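Subject: Model handover

Hello,

Here is the structure for your files. Please open it next to this note. My findings come below it.

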Amino acid sequence: MIGSSFRRSEGARVVEWDGKALKYSEATCFGATLPLQPARTVKAAAPSAQQWERFWRTMDELNVWKWSASYRSSKRFVALKSWSLQLQHGGKKVQTSGSH
């Protein structure tokens, strides 16, 4: 799963594999309070075997399997943006997140 969240007024965006297709969803907030509105699928795609091969090769080239568990900005900002990444492929997996 690949996700990002923004200021509460902007909501969150998520890309995840459901076993059949990649689904890009968005969820938004009501003003400055939680909870988020239910996520709605904006787009869905079913990558070909060749596209998956290229994706996993790129993940290997980026060495995502050795990324740290957490990346945080040392500077304080009023509106932090955060992201997360969870991948598993073969015997490899990574779960990482960050904010800036």
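The notes that follow go from the whole chain to single residues.

Ground rules come first. This is a predicted model, where local features need pLDDT of at least 70, side-chain atom pairs count only at pLDDT 80 or more, and totals for chains, interfaces and linings use all residues. Residues are numbered from 1 along each chain as its sequence is written, and side-chain values use heavy atoms, with hydrogens and water left out.

**Overall layout**

The protein chain has 1 helix and 9 strands. Both are DSSP runs, numbered from the N terminus: helices are H or I with at least four residues, strands are E with at least two. The order from the N terminus is β-β-β-β-β-β-α-β-β-β. Of the 100 residues, 18% are buried. Buried means under 20% relative accessible area, exposed means over 50%, and partly exposed is in between (1.4 Å probe, protein chains only). The accessible surface is about 7400 Å², and carbon and sulfur atoms hold 54% of it. That area comes from the Shrake-Rupley method with a 1.4 Å probe; for residues, only the protein chains shown count as cover. Take the contacts between residues at least 6 apart in sequence: 38% of them join residues at least 24 apart. A contact means heavy atoms within 4.5 Å.

**Helix and core**

α1 has 13 residues, which at 1.5 Å a residue should span 18 Å; its end C-alpha atoms are 18 Å apart, so the two agree. The expected span is 1.5 Å times one less than the number of residues.

The largest nonpolar core has 7 residues: W56, M59, V64, W65, L85, L87 and V94. Such a core is a set of buried Ala, Val, Leu, Ile, Met, Phe, Trp, Tyr and Cys residues joined through side-chain atoms within 4.5 Å. α1 (49-61) and β8 (82-89) each supply at least two of its residues. V64 touches M59, L87 and V94, leaving aside residues up to four places away in sequence.

**Strand pairing**

β8 and β9 pair antiparallel over 8 bridges. Two strands pair if DSSP finds at least two bridges between them. Q86 stands opposite Q95 in β9, and Q88 has K93 as its bridge partner there. The two strands form a hairpin with 2 residues between them, and G90 in the turn has a positive phi of about 60 degrees. β9 also pairs with β7, in the parallel sense, over 3 bridges. Here S70 stands opposite S97.

**Residues to look at**

Is T96 buried or exposed? T96 counts as buried because its relative accessibility is 2%. T96 lies in β9 (residues 92-99). Its side chain reaches the backbone oxygen of S68 at 2.6 Å. Beyond four places in sequence, T96 touches W67, S68, A69, S70, Y71, W83, S84 and L85.

Most residues other than glycine have a negative phi. N63 is partly exposed, with a relative accessible area of 36%.

K20 sits in the loop between β2 (12-17) and β3 (22-27). At 70% relative accessibility, K20 counts as exposed. The C-alpha atoms of K20 and P47 are separated by 9.4 Å, with the two residues 27 apart along the chain.

Best wishes

Conventions:
A polar contact is a pair of N or O atoms within 3.5 Å; within protein, one must be able to donate a hydrogen and the other to accept it, and residues adjacent in sequence count only if both atoms are side-chain atoms.
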